[in-house]
Amino acid sequence: MSGQDDRKHPMMRLRGAFDEAARNIASGTTHAALYALLLAVVMVGCAGAELLQLRGIQRQIDEFVSAGASTYVVDAAGRIDARSCESLAGLDGVQAAGALRTADARLTLARIPSTALPTLEATPGALRALVSGDSATTRSLAADEFDGVWLSRQAADTSGAATGSLEALLDGGNVRIAGVYESPDDGRSGTTAYALVEPVPVEGTFDQCIVKAWPVPQSMESLALVSVGDVGTDPNDQPRVRQFNTKLGAELDATALFEHRATTVMTPLAAVGGLALGFVAIRLRRLELASALHCGVPKTALMLQSLMETCSWTVAALALCLPLLAFAWWDWPGFDAGQIVDLAARPLLAAACGALVGTAVAILAVRERNLFRYFKDRS
């Protein structure tokens, strides 16, 4: 009979610890709601700081790309092969590539008869490079957006023309405004800042090959020169590869920005915060726990009970942080959503694990022999 009781003892001990933990949580002895709120503050603070830092890095990348700093232009008047230039769009990192040339005749809108707009002819890839913005996926153009001409923002503001309008030409006829592209005066070079751009088929030779990329391939200049059909032998007339906008610097090392971000300490900081909360939650109850040891409760049962109680408010804190993880998953152009969630979840899990470790350390620090000292030191 005694042997049967001994065999049942571990299971009885487990159930007793579970029942005691449930009673402490239900009665408020554990202060689960308070600690769940405090731990959630630690989690949200650390994970939120990480997300804000990543947003800042994304803004820097978007500013760099949308300003044209990651766009390169190959100048080789009359020697750019349109098909070779467009084919660069199939390379890793290249978002759009196409050829540009100055049209033989300028178009003059009847709205501004005194000014003939500089007219450029662009292949579809060049038009996509001009109308796209930040580092997110390059904008796809509908079929009707190739039916007509595009105006730069400055030209549209000057003429008063708008997307979709049918504009009369000074020498007769009409032209449809398929769209307006942004080209601010922010350091960009070339003739696209104030121009009318006409889409043309991918055939023949052009003056420029424009290549938008992110991340920029290390061999960008060599790759861009592939678009030149005839390099020539005259050293004074060699193709030139240049950055479309040099104002923001020659390059942006996004990898270095990520690896050296200030918030790399957020995960260990969250772990320390959780550990402190777990330790304090037990430390404040040391008299109660020492009394339990004095009454014969095994320390293993006490450890199990305390960890169950800590798990209750740790899980509750994680539940409170679910909206933050949902935000991390939503709308991160240029980043892998799974990676963002992973980075946001690390401080949350670190804080949760820290709370359990803090609980275990505090339980190990409780001594039955210190019962009377704990009683004297009670507040």
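Which residue lies over the face of Phe258? Select Phe258 and look above the ring: Arg261 is there, 4.2 Å from the ring centre. A charge sits over a ring if NZ of Lys or CZ of Arg is within 6 Å of the ring centre and within 35 degrees of the ring normal.

Before moving on, know that this is a predicted model, where local features need pLDDT of at least 70, side-chain atom pairs count only at pLDDT 80 or more, and totals for chains, interfaces and linings use all residues. Numbering starts from 1 along each chain as its sequence is written, and side-chain values use heavy atoms, with hydrogens and water left out.

Now pick Arg101 and Phe206. The charged end of Arg101 sits over the Phe206 ring, 3.9 Å from its centre.

Zoom in on strand E2 (residues 94–102) and strand E3 (residues 119–122). They pair in the antiparallel sense over three bridges; pairing takes at least two bridges found by DSSP. Look for Thr102, which stands opposite Leu120 in E3.

**A buried threonine**

Next, select Thr192, in the loop between strand E6 (174–181) and strand E7 (196–199). Thr192 counts as buried, at 5% relative accessibility. The cut-offs: buried is under 20% relative accessible area, exposed over 50%, partly exposed in between (1.4 Å probe, protein chains only). Leaving aside neighbours within four places in sequence, Thr192 has contacts (heavy atoms within 4.5 Å) that include Leu100, Tyr181 and Phe244.

Go to Tyr35 in helix H2 (residues 32–66) and Trp313 in helix H10 (residues 299–320), which are 278 residues apart; a helix here is a DSSP run of H or I, at least four residues. The ring centres of Tyr35 and Trp313 are 5.3 Å apart and the planes at 35 degrees, so the pair is tilted. Rings of Phe, Tyr and Trp (its six-membered ring) pair if their centres lie within 6.5 Å; planes under 30 degrees apart are stacked, over 60 edge-to-face, the rest tilted. Both Tyr35 and Trp313 are buried.

**Last stop**

Finish at Gly296, which follows H9 and has a positive phi, near 100 degrees.

Technical notes:
Helix = DSSP H or I, 4+ residues; strand = E, 2+ residues; numbered from the N terminus.
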